[in-house]
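This report goes through one protein chain, from the whole fold down to single residues. The sequence and the structure come first, and the description follows.

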Amino acid sequence: MFVITQTCCSDAACVSVCPVNCIHPTPEERGFGSSDILHIDPEACIDCGACADACPVDAIYPADKLGTRDKVFIDINASYYRDNTDVTSGWTPITYPVIPKLPAGQRIAVVGTGPSGGYALRSLLDRTTADITVIDKLPTPGGLVRAGVAPDHPGTKKVLRGFDILYRDPRVTLVTNVEVGEDTAAGQVSPAELADHFDAVFYAVGASDSRQLGIPGEDLNGSTSATDLVAWYNAAPAIDDAEVLRHNNTGRVVVVGTGNVALDVARILVSPPELLATTDIADRALEVLRRQNVREVVLLGRRDQAGAAYSAAEYRALNSIPGVDVVVENDPGVISDDSGVADPTARRIVFRFHSAPEEILGDSWVSGVRVRTGATSHVIAADLVVRSIGYRSTPIAGLPFDQQRGVFPNDDGRLLDTNGDVIPGSYVLGWAKRGPTGGIGANKVCAEATVDEFLIDAEKGLLSGRSHGQKHFEALLRQREAPVIGYRGVRAIDRAERRRGEELNRPRVKFTSVPDMVKAAGRRKR
């Protein structure tokens with residue numbers, strides 16, 4: 001019997017290769033995308049191992065090969081089928097996608113190299129004969145898989161290996177360190193220029209801006225977003241290297257929110273630095289965390305525990321941190337006294353439900369948070385406050401944007417102008433299309449659905465057409481300020497980071513500045 005474990009990314013590659021349909025929920029079933037992991041039916045599994053071979057993140061193992069920490073997933077997989085009696089397994093007929101007849105010589109651009117962009121690229125390669133240019137504003141591809149997945153979850157990052165193979169396809173041209181926008185003097189390429197050089201453009205730009213709390217004191221030093229904090233410890237460039245935990249008066253951090261990202265932040269802040277030192281966490285963060293010695297993280301949830309936004313797998317992962325206790329306070333009538341210093345002899349993560357922040361306190365730096373728990377207002381002393389209450393896309397100059405929803409306006413992925421009319425040949429997918437919901441697997445389904453809509457448009461001749469070809473686009477890039485990095489340069493950066501990591505017995509040591517990446521790629525600024 002094979003078992004799916006916590007590192008599952010819901011890619012669903014395992015679903016398509018299972019001969020007995022014993023992996024659920026499938027992309028067509030209720031719960032896919034909102035489920036934290038997929039599950040193998042222990043009664044129907046025939047031990048063929050096809051799922052383990054297909055898994056891009058090495059999350060599937062024989063039950064008798066599981067380590068002590070992962071044995072819990074044997075029952076987790078089985079309980080899914082006990083609790084969902086309407087889910088059935090068994091042999092299923094093979095279905096083949098319809099391949100439309102498209103014009104020859106098409107050229108397509110994919111902007112963004114996160115999961116949605118990677119899956120769109122795979123679908124386009126499988127279902128068209130087009131030449132595809134993949135564009136990313138950073139020198140290194142990967143999007144939020146590289147810069148957002150927690151450093152202590154290396155298995156999830158393995159999904160990038162499948163995308164790397166696609167970049168080697170002779171029909172694919174990878175160009176990084178190229179930003180899309182209308183500031184051509186700063187080296188940007190405008191959406192209008194992309195439309196002029198490609199038959200279709202897919203914007204897979206994610207949702208990297210954070211939502212605001214809208215309470216007094218939110219702009220104090222020591223008040224930050226989970227977006228910036230995660231980018232800081234994941235070595236994303238263009239993030240201020242200032243020591244975000246510079247003050248250490250209480251040893252406590254307050255995180256507003258109870259989603260998976262909030263749990264990631266809590267886990268990283270209280271994990272023993274010696275464990276983090278075996279990951280690809282940024283050196284700048286590791287040094288600060290060693291000095292600051294955060295001993296307690298309090299997570300605030302507005303609703304009760306049943307209404308928390310985290311997945312079961314992420315919650316279970318907290319219990320595996322050595323020397324860290326997990327405390328759940330779900331009674332609004334019982335309030336702990338957190339007005340002083342955290343216990344210096346223990347590390348713990350505290351979930352405080354029925355609680356909402358009212359004001360962030362402090363003079364020049366955060367000193368605490370006034371919180372309402374139930375009907376009682378009280379103060380939690382803290383050195384840092386992190387808001388983790390959701391994300392929104394970043395507007396791109398030259399493209400329409402829905403400020404209220406924080407997404408690019410679209411109809412089934414077709415980009416809409418300010419009048420609500422379809423912009424021919426322009427598409428949006430992933431979180432930029434539907435908002436920040438669902439993980440890697442949901443983005444795969446979303447990307448493939450958007451490609452389906454493109455195929456319909458292309459077959460009907462509804463694309464706008466282009467005026468220029470590949471050589472003209474390459475000349476355009478050469479005119480811009482930023483040095484363009486291709487696949488060879490990306491591989492050079494990867495090798496350099498891995499060499500830096502080998503010296504410290506770590507998987508890699510990431511560069512944290514674009515100039516250093518450009519230098520490692522063998523390019524120089526014009």
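The protein chain holds 18 helices and 22 strands; helices (H or I, at least four residues) and strands (E, at least two) are DSSP runs, numbered from the N terminus. Its radius of gyration is 24 Å, close to the 24 Å that the globule rule gives for 526 residues, so the chain is as compact as a globular protein of that length. The radius is taken over C-alpha atoms, and the globule rule is 2.2 Å times the number of residues to the power 0.38.

This is a predicted model, in which local features need pLDDT of at least 70 and side-chain atom pairs count only at pLDDT 80 or more, while totals for chains, interfaces and linings use all residues. Residues are numbered from 1 along each chain as its sequence is written, and side-chain values use heavy atoms, with hydrogens and water left out.

Along the principal axes, the C-alpha atoms fill a box of roughly 70 × 60 × 50 Å. Of the 526 residues, 54% count as buried; buried means under 20% relative accessible area, exposed over 50%, and partly exposed in between (1.4 Å probe, protein chains only). Among contacts (heavy atoms within 4.5 Å) between residues at least 6 apart in sequence, 73% join residues at least 24 apart.

**A helix pair**

Two packed helices are described by the angle between their axes and the distance between the axes. Helix α4 (residues 115-127) packs against helix α7 (residues 159-167) at an angle of about 45 degrees, and their axes are 10 Å apart. Axes here are lines fitted to C-alpha atoms, for helices over the stretch in contact, and angles run from 0 to 180 degrees between N-to-C directions. The two helices are therefore oblique to each other: angles under 35 degrees count as roughly parallel, over 145 as roughly antiparallel, 65 to 115 as roughly perpendicular and the rest as oblique.

**Helix α9 and backbone exceptions**

In helix α9 (residues 226-233), 7 of the 8 residues are buried, so the helix is largely enclosed by the rest of the structure. W232 and Y233 are among these buried residues. A235 follows α9 and is found in the loop between α9 and β11 (252-256).

Most residues other than glycine have a negative phi, and most peptide bonds are trans.

| Residue | Phi | Relative accessible area |
|---|---|---|
| D58 | about 55 degrees | 29%, partly exposed |
| A235 | about 70 degrees | 2%, buried |

D58 is found in the loop between α2 (50-54) and β4 (60-62). A cis peptide bond joins H24 and P25, with omega about -5 degrees. P25 is placed in the loop between β2 (23-24) and β3 (39-40).

**Two further residues**

I423 is found in strand β22 (residues 422-428) and is partly exposed, with a relative accessible area of 24%. Leaving aside neighbours within four places in sequence, I423 is in contact with P400, L415, L416 and D417. V518 lies in helix α18 (residues 514-520) and counts as buried at 7% relative accessibility.
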